[in-house]
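Please read it alongside the sequence and the coordinates.

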Amino acid sequence: MLNHVYEGLVRYDRNLKLEPALATSWEIVSPTTWRFHLREGVKFQDGAEFTAEDVQASLKRASDPKSPLKGNIPAYTGSRVIDDHRIEIDVTPTRCYRMT
């Protein structure tokens, strides 16, 4: 159900390979940090622009101990907004997954 309401930064294609969604590309900055480049021109239903601040707010909300979504992002430890369309996301080293 959530996939019909929320769009992720990446998604699986029909061959179960990751492909861009709200992120146009990503790179591994370090073993525990990923940098995502976000799609420009995306707007919310109220006309507000989609930015890295929105990604960070969603990650903070989902990682709250009381959030029912916390289990969906167990590796998340923090994030930094670089600019409107770039964000770095930190993950725990033991739960790091290769996104290539």
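Serine 67 sits in the loop that links helix 2 (52-63) to strand 5. The model is predicted, and the values below are computed from it.

**Serine 67**
- Serine 67 has a relative accessible area of 17%, and it counts as buried because this value is under the 20% cut-off.
- A polar atom of the serine 67 side chain is 3.0 Å from the backbone nitrogen of leucine 69.
- When neighbours within four places in sequence are set aside, serine 67 contacts Arg61 and Ala62.

**Histidine 85**
- Histidine 85 belongs to the loop between strand 5 (76-83) and strand 6 (86-91).
- With residues up to four places away in sequence not counted, histidine 85 touches Phe36, His37, Leu38, Arg39, Glu40 and Phe50.

**Leucine 16**
- Leucine 16 lies in the loop between strand 1 (10-12) and strand 2 (18-20).
- The relative accessible area of leucine 16 is 66%, so this residue is exposed, the cut-off being over 50%.
- The phi angle of leucine 16 is positive, at about 60°, although the residue is not a glycine.
- Most residues other than glycine have a negative phi.

Key
Residues are numbered from 1 along each chain as its sequence is written. This is a predicted model: local features need pLDDT of at least 70, side-chain atom pairs count only at pLDDT 80 or more; totals for chains, interfaces and linings use all residues. Side-chain values use heavy atoms; hydrogens and water are left out. Helices (H or I, at least four residues) and strands (E, at least two) are DSSP runs, numbered from the N terminus. Contact means heavy atoms within 4.5 Å. Buried means under 20% relative accessible area, exposed over 50%, partly exposed in between (1.4 Å probe, protein chains only). A polar contact is a pair of N or O atoms within 3.5 Å; within protein, one must be able to donate a hydrogen and the other to accept it, and residues adjacent in sequence count only if both atoms are side-chain atoms.
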